[in-house]
Amino acid sequence: MPEKREILDLDELRKLRLADEGYVVITTGKQATIHKVNAECVSSTNFRLKVIINERKQGSYFWVDGVATAAREFPGAKRCRVCKPEVLLVDPSTFER
Ligand SMILES: [Zn+2]
């Protein structure tokens with residue numbers, strides 16, 4: 001079963017990063033970007049700002065079990081050009097521009 005869940009606190013983010021499985025999708029308005037779960041672009045500083053201080057008004061963090069799930073759950077999702085999740089497996093045109 002494909003899995004997706006919203007990450008609501010830092011403790012959860014920390015656990016997911018320790019488990020080192022799946023991917024993180026960060027939404028900003030209608031745009032979703034897929035990151036590796038342990039990428040430096042998924043920082044606790046940004047998470048705290050976006051999810052806790054700004055109360056998810058401008059975007060949210062989600063965990064997904066794979067890039068395919070991310071693509072299905074977040075139509076038009078782009079792969080981060082910094083951490084390049086699944087660079088060899090997916091059409092390069094799906095990279096964030
Ligand atoms: Zn990234």
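What is on screen is a predicted model, in which local features need pLDDT of at least 70 and side-chain atom pairs count only at pLDDT 80 or more, while totals for chains, interfaces and linings use all residues. Residues are numbered from 1 along each chain as its sequence is written.

**The whole chain**

Colour by secondary structure. The protein has three helices and five strands, and along the sequence they follow the pattern β-α-β-β-α-β-α-β. Helices (H or I, at least four residues) and strands (E, at least two) are DSSP runs, numbered from the N terminus. Among contacts between residues at least 6 apart in sequence, 61% join residues at least 24 apart; two residues are in contact if their C-beta atoms, placed from the backbone, lie within 7 Å.

**The sheet**

The five strands form an open sheet in the order β1-β4-β2-β3-β5, with mixed pairing. β1 and β5 stand at the edges, each with a single partner strand, so one side of each is left without a neighbour in the sheet. Two strands pair if DSSP finds at least two bridges between them. Strands of a sheet pair through backbone hydrogen bonds, either parallel or antiparallel.

Return to β4 and look at both of its sides:

- Strand β1 (residues 4-6) runs antiparallel to β4 and is joined to it by three bridges; Lys 4 has Val 64 as its bridge partner in β4.
- β2 also runs antiparallel to β4, with four bridges between them; Tyr 23 has Val 64 as its bridge partner in β4.

A residue is buried if 20 or more other C-beta atoms lie within 10 Å of its own, exposed if 12 or fewer, and partly exposed in between, with C-beta atoms placed from the backbone. Of the 97 residues in the protein, 27% are buried.

**The core**

Select Val 24, Val 25 and Tyr 61 next. Within the largest nonpolar core, which has 19 residues, these three touch the most other members. At least two residues of this core come from each of α1 (10-19), β2 (23-28), β3 (31-36), α2 (44-53) and β4 (61-64). A nonpolar core is a set of buried Ala, Val, Leu, Ile, Met, Phe, Trp, Tyr and Cys residues joined through C-beta atoms within 7 Å.

Centre on Val 24. Leaving aside neighbours within four places in sequence, Val 24 is in contact with His 35, Val 37, Val 42, Tyr 61 and Trp 63.

Move to Lys 78, in strand β5 (residues 78-79). Is Lys 78 buried or partly exposed? Lys 78 counts as partly exposed because it has 17 C-beta neighbours inside 10 Å.

**Two backbone angles**

Arg 56, in the loop between α2 and β4, has a positive phi of about 60° although it is not a glycine. Arg 56 is partly exposed, with 13 other C-beta atoms within 10 Å.

Lys 84 is in the segment after β5. Lys 84, not a glycine either, has a positive phi of about 45°. With 16 other C-beta atoms within 10 Å, Lys 84 is partly exposed.
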